[in-house]
Amino acid sequence: MPAVHHKLLLEDALQDSPQTRSLLSVFEEDAGMLTDYTNQLLQSMQRVFGAQSEMGLATEQLSQQLLDYEKKNFALGKGDEEVITTLQNFAKTVGELNSLHSELANQMADSMVFPLIQFREKDLTEISTLKEIYGIATDEHEAAMVKYSRLPKKKENEKLKSDFVKEVAYTRRKQHQASLQYYCALNALQYRKRVAMLEPMLGYTQAQIGFFKKGIELVSKKMDSFLTSVSNMTQNIQAQLDTEAEAMRVSQRELLSVEDTVYMPDKDTEPVNRTLIQKAGFLNIRNKTGLVTTAWDRLYFFTQGGNLMCQPRGAVAGGMVLDLDNSSVMAVECEDRRYCFQITSPTGKTSMILQAESKREYEEWICTVNNISRQIYLTDNPEAVAIRLNQTAIQAVTPITSFEKRPEGSPNPDRAKPGGVNAASGGSQKSGAATEPEDLIAPGTPIQFDIMLPASEFQDQNRAGGRRTNPFGETDDDCSTESDDSLLQQVFAVRFQGSMAVRCGNNQEVIYEAMRQVLAARAIHNIFRTTESHLMVTSSSLRLIDPQTQVTRISFQLGEVCQFAAHQENGRLMGFVVEGRDWSDGDEEGEPSFSAFVFESNTEGEKICYTISLAKEIAEAKKDPEALAQLMKNMPLTNDGKFLLLEPETGDTTNGAEDDLESEA
């Protein structure tokens with residue numbers, strides 16, 4: 001006798017995922033159809049029992065009803081072929097036994113009608129009752145989760161939080177118990193329904209054989225072996241049910257013997273896994289319900305390839321919500337709710353705010369989305385790549401977030417500061433191309449993630465009409481602002497990613513290595529917020545300007561820029577190396593020092609690099625009037641006599657951009 005292969009897994013009851021709910025709905029549909037069929041079959045048997053005068057018609061109807069079992073498309077599949085064949089044989093026998101006597105009524109009541117009534121009133125009614133209990137427990141758990149999710153982050157009431165946590169744990173345990181009982185009953189029903197279909201007909205046929213003395217020889221010779229096989233079949237099914245019921249009871253006890261922390265939210269004991277490339281679980285999503293009003297919905301989210309999927313309860317499958325390739329993710333403060341983060345598409349047109357249940361889930365979701373956005377899942381062994389990148393990035397960088405913070409014992413901390421590189425265009429560089437990261441950037445070199453302008457310098461620039469005061473003591477001639485007769489003036493909207501000291505300035509590989517370490521540090525330490533600035537390229541200098549106040553944050557003479565390049569794969573990333581002088585050793589000329597700056601632009605990084613290259617050509621051509629005239633002859637000019645290099649970027653240069661934009665890091 002084949003075993004039942006379709007059953008609900010008790011281990012999935014606590015998670016209560018949409019997949020489990022979807023499978024549960026199939027079992028419920030199957031139970032509903034079985035209830036309908038049982039009622040119809042019972043009506044047929046009662047007609048046989050109560051209508052002796054119409055026994056011929058009732059027997060014919062019963063025979064047809066037995067044949068209809070084969071045509072029933074149950075949600076879990078058609079009935080077993082062996083059961084179908086057995087019922088067909090019973091239908092043939094019922095067609096032959098078309099006359100009954102009143103003395104047969106008691107035997108029929110005991111052996112045919114009563115077992116099916118008992119199956120309907122006991123088993124099917126139990127399923128219906130457990131379904132109602134399970135629904136009530138689910139509603140109570142959802143209500144408790146709503147109250148817990150609304151716990152304020154600020155002015156937290158520990159007693160209130162403890163009460164809500166206990167309420168969530170209580171309702172979750174109650175739902176878990178109800179779901180386990182419901183699942184066990186539905187699984188057992190798959191065995192009981194097979195017995196319930198066979199046992200009444202077995203009793204009916206045996207009663208017919210025992211009653212009819214005249215035809216007992218004929219009937220028994222045809223049916224003895226068949227009835228014996230049916231009896232053995234029902235006994236085997238009952239034995240399988242007993243075994244499965246005992247296994248489910250043992251599993252139920254084991255699943256309920258866990259500690260109470262399993263039911264409590266935000267009680268994770270396992271460490272955060274930052275190398276995940278797949279993640280699934282319930283999250284709260286914020287939806288706008290009006291111009292200023294919002295609502296939160298608890299839905300099941302999971303990642304599939306490079307997509308974020310969502311599957312509401314009751315849905316058969318999930319739907320795509322957002323393409324995570326090259327997307328950005330960051331933590332956000334949101335409406336007194338904890339553990340909120342925002343995912344934004346590469347274009348910035350689509351974003352969503354989600355809330356995790358615990359701090360561990362919150363951090364793992366951010367890391368998972370960040371890993372997927374880097375398209376690690378497309379590699380041959382994505383898990384190994386994610387682990388290797390995470391370990392390499394942790395060992396490679398020691399990030400800091402302000403000028404004042406630096407590792408103890410740093411040999412030359414000023415070299416890591418953007419303002420620490422002084423104007424010197426004729427300095428010597430280290431010879432030879434570096435191939436190892438240690439030859440380009442010293443391990444443990446601090447990283448600057450923002451350019452902070454001192455308040456005193458901000459006031460000085462406002463009084464001076466936007467002119468940047470040199471904080472390192474150079475004369476005005478060394479760091480003067482751009483003159484009106486500059487032949488080139490191009491502005492790009494950029495976001496500063498970071499800067500760090502490097503060992504050489506004559507190799508583009510140092511820029512690529514700086515990009516890698518800066519972006520890795522941002523990902524590891526969850527630094528996703530950046531500030532937009534305007535990078536002005538002229539024929540004499542590079543200036544980083546605040547778009548709101550028009551204050552120059554930092555400025556470099558063009559001669560100081562010794563190397564620049566765009567990222568080989570991500571065209572929006574570019575960087576340059578600035579050469580300065582280090583007088584810490586007492587040398588009058590000073591040792592050359594180099595700093596790498598990394599930016600993300602709204603346009604292609606190649607455009608910025610081309611503009612810097614053209615600026616250097618103009619600066620060289622200024623030394624020779626004939627060469628300058630030839631260059632001006634070959635390049636188109638604007639009405640004010642400047643080089644017409646690119647089309648105006650109205651969206652980037654005229655409108656002040658919002659701060660804290662999202663970076664692809």
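What follows is a chat about helices, a sheet and a pocket in this predicted model.

Visitor: Let's begin with two helices: how do the directions of H4 and H5 relate, parallel or antiparallel?
Guide: H4 covers residues 104-149 and H5 covers residues 158-211, and their axes come within 8 Å of each other. They cross at roughly 165 degrees. Angles over 145 degrees count as roughly antiparallel, so the answer for H4 and H5 is roughly antiparallel.

Visitor: And what is the handedness of the crossing of H4 and H5, left or right?
Guide: Let's look at the residues of that contact as well: they divide into 30 nonpolar, 10 polar and 10 charged. As for the crossing of H4 and H5, its hand is left-handed.

Visitor: H4 packs with H1 too, so how are H1 and H4 oriented, parallel or antiparallel?
Guide: H1 is the helix of residues 18-50, and its axis lies 10 Å from that of H4. The angle between H1 and H4 is about 155 degrees. With over 145 degrees as the cut-off, H1 and H4 are therefore roughly antiparallel.

Visitor: How many nonpolar residues are in the contact of H1 with H4?
Guide: The crossing of H1 and H4 is left-handed. Its contact residues include five polar and four charged ones. The nonpolar count in the contact of H1 with H4 is 19.

Visitor: On to the sheet: which strands stand at its edges?
Guide: The sheet is open, has seven strands and pairs in the antiparallel sense, in the order E4-E3-E2-E1-E7-E6-E5. Neighbouring strands are turned by 40 degrees against each other on average, ignoring direction. An edge strand has a single partner strand, so one side of it is left without a neighbour in the sheet.

Visitor: How many residues join E1 to E2?
Guide: E1 and E2 pair in the antiparallel sense over nine bridges. Among the bridge partners are Ala 280 with Phe 302 and Asn 287 with Ala 295. The link from E1 to E2 is a hairpin, and the number of residues in it is five.

Visitor: Which residue in the turn between E2 and E3 has a positive phi?
Guide: E2 and E3 run antiparallel and are joined by five bridges, one of them pairing Thr 303 with Leu 308. They form a hairpin with two residues between them. In that turn, a positive phi of about 65 degrees belongs to Gly 305.

Visitor: Now the second largest pocket: which element gives the most to its lining?
Guide: This pocket has a volume of about 740 Å³. Of its 27 lining residues, the closest to the centre are Gln 15, Arg 172, Val 262, Glu 357 and Glu 361. The elements that give two or more residues to the lining are H5, E1 (280-288) and H7 (359-373). With four residues, the one that gives the most is E1.

Visitor: And how many charged residues are in the lining of that second largest pocket?
Guide: Sorting the lining by class, we find eight nonpolar and seven polar residues. The charged residues in the lining number 12.

Definitions and conventions:
Residues are numbered from 1 along each chain as its sequence is written. This is a predicted model: local features need pLDDT of at least 70, side-chain atom pairs count only at pLDDT 80 or more; totals for chains, interfaces and linings use all residues. Side-chain values use heavy atoms; hydrogens and water are left out. Axes are lines fitted to C-alpha atoms, for helices over the stretch in contact, and angles run from 0 to 180 degrees between N-to-C directions. Angles under 35 degrees count as roughly parallel, over 145 as roughly antiparallel, 65 to 115 as roughly perpendicular and the rest as oblique. A crossing is left-handed if the near helix is turned anticlockwise from the far one by less than a right angle, and right-handed if clockwise. Ala, Val, Leu, Ile, Met, Phe, Trp, Tyr, Cys and Pro count as nonpolar, Asp, Glu, Lys and Arg as charged, and the others, Gly among them, as polar. On a 1 Å grid over the protein atoms alone, a cavity is a set of points where a 1.4 Å probe fits but cannot get out, and a pocket is an open set with protein on both sides within 12 Å along at least five of seven lines; lining residues have an atom within 4 Å of a point. Grid points are joined across faces, edges and corners, and a volume is the space filled by probe spheres set on the points. Two strands pair if DSSP finds at least two bridges between them.
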